[in-house]
Amino acid sequence: MTALANKVAIVTGAGQGVGRGIALALATAGAAVAVVGRTLDKLQAVSEEIVAAGGRAQPFLCDVKDAVSIDTLVRAVADELGGIDILVNNAQEVPLGPLSAVSDEAFTAGFESGPLATFRLMKACRPYLAKSGEGVIINLATSAAVRWDMSGYGPYAAVKEAIRLLTRAAAAEWGVDGIRALTVAPHADSPALKGWIDSRPEEAEAFFRTIPLRRIGRCEEDIGRAVAALCGPEFGYFTGATVPLDGGQANFD
């Protein structure tokens, strides 16, 4: 598949889990991928995996909570890979727990790594996305925001819902530049999900029974390939929406 040939994509949090799956799928679709994160050995491993499969990838260190690091990243990717056509905001520190148990520091870290980082990266990448004429922003949200029971998920859902609203604004304001902006809300077999299953097995079992397809998505095959398709020409008139990649569980209406 070469629908994204000659495109350059940034994927944050790409060293593992959903970010890795998206990076692999974008590379398979033909994009050159900036594999972004904080742990160099993980980024190098994903980049090498892509290159070994015949794709193009390069690791880039970045702390998305730091504005200077973001600006440095965007300039480096544009210079070294020849532009930016796709931005995937996946990195996120998760402030899980009941309201009384989540500290100010954890909530602030969730905000800084989530909506603030998304806001900064979208603005920094905008000139390159506009120059592309077919720029795409994919931001990650969560179906935790529409759970039947919000207990223990309020701070996490709050930062993710802020990202959804920023996506809508980007779609409305930057569509004139040919930039599309979409949110995806995945369920995927990531390390974070596996940790949640281990810590809350009864809740996880009940949760899985509410998924119509009765399984969790695979990071590359189900989530990554869907993101790659959304970035392609077939979805060139699709923007501003939240796409639940969750086996039919969530209702964002």
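Which side chain meets that of lysine 65 in a salt bridge? Glutamate 93 does, at 3.0 Å from N to O. Keep in mind that this is a predicted model.

Lysine 65 sits in the loop between strand E3 (56-61) and helix H3 (67-81), while glutamate 93 sits in the loop between E4 and H4, so the pair ties together parts that are 28 residues apart in sequence. Lysine 65 has a relative accessible area of 26%, so it is partly exposed. Glutamate 93, at 24%, also counts as partly exposed.

Arginine 38 counts as exposed, at 55% relative accessibility. Put together, Arg38, Lys65 and Glu93 form a network of salt bridges.

The whole structure has 9 salt bridges. Another one of them joins the side chains of arginine 126 and aspartate 177, at 2.8 Å from N to O. This pair links distant parts of the chain, with arginine 126 in helix H4 and aspartate 177 in the loop between helix H5 (154-174) and E6, 51 residues apart. Arginine 126 is partly exposed at 32%, and aspartate 177 is partly exposed at 25%.

Now a charged residue without such a partner. Arginine 180 lies in strand E6, residues 180-186. Is arginine 180 buried or exposed? Arginine 180 is buried, and it has no salt bridge. The nearest side chain of opposite charge belongs to glutamate 234, 7.9 Å away, and a salt bridge needs the nitrogen and oxygen within 4 Å. What the side chain of arginine 180 does have is a polar atom 2.8 Å from the backbone oxygen of leucine 230. Beyond its sequence neighbours within four places, arginine 180 is in contact with residues including Gly135, Leu230, Phe235 and Tyr237.

Leucine 230 takes us to the last item, helix H8, residues 219-230. H8 has 12 residues and reaches 15 Å from its first C-alpha to its last, close to the expected 16 Å. Its buried residues are Cys219, Ile223, Gly224, Val227, Ala228 and Leu230. They cover an arc of only 165 degrees around the axis, which puts them on the same side of H8. These buried residues pack against helix H1 (17-28), strand E5 (136-140), E6 and strand E7 (242-245).

Definitions and conventions. Residues are numbered from 1 along each chain as its sequence is written. This is a predicted model: local features need pLDDT of at least 70, side-chain atom pairs count only at pLDDT 80 or more; totals for chains, interfaces and linings use all residues. Side-chain values use heavy atoms; hydrogens and water are left out. Helices (H or I, at least four residues) and strands (E, at least two) are DSSP runs, numbered from the N terminus. Buried means under 20% relative accessible area, exposed over 50%, partly exposed in between (1.4 Å probe, protein chains only). Lys and Arg count as positive and Asp and Glu as negative; His and the chain ends are not counted. A polar contact is a pair of N or O atoms within 3.5 Å; within protein, one must be able to donate a hydrogen and the other to accept it, and residues adjacent in sequence count only if both atoms are side-chain atoms. Contact means heavy atoms within 4.5 Å. The expected span of a helix is 1.5 Å times one less than its number of residues. The arc is that of the directions from the helix axis to the C-beta atoms.
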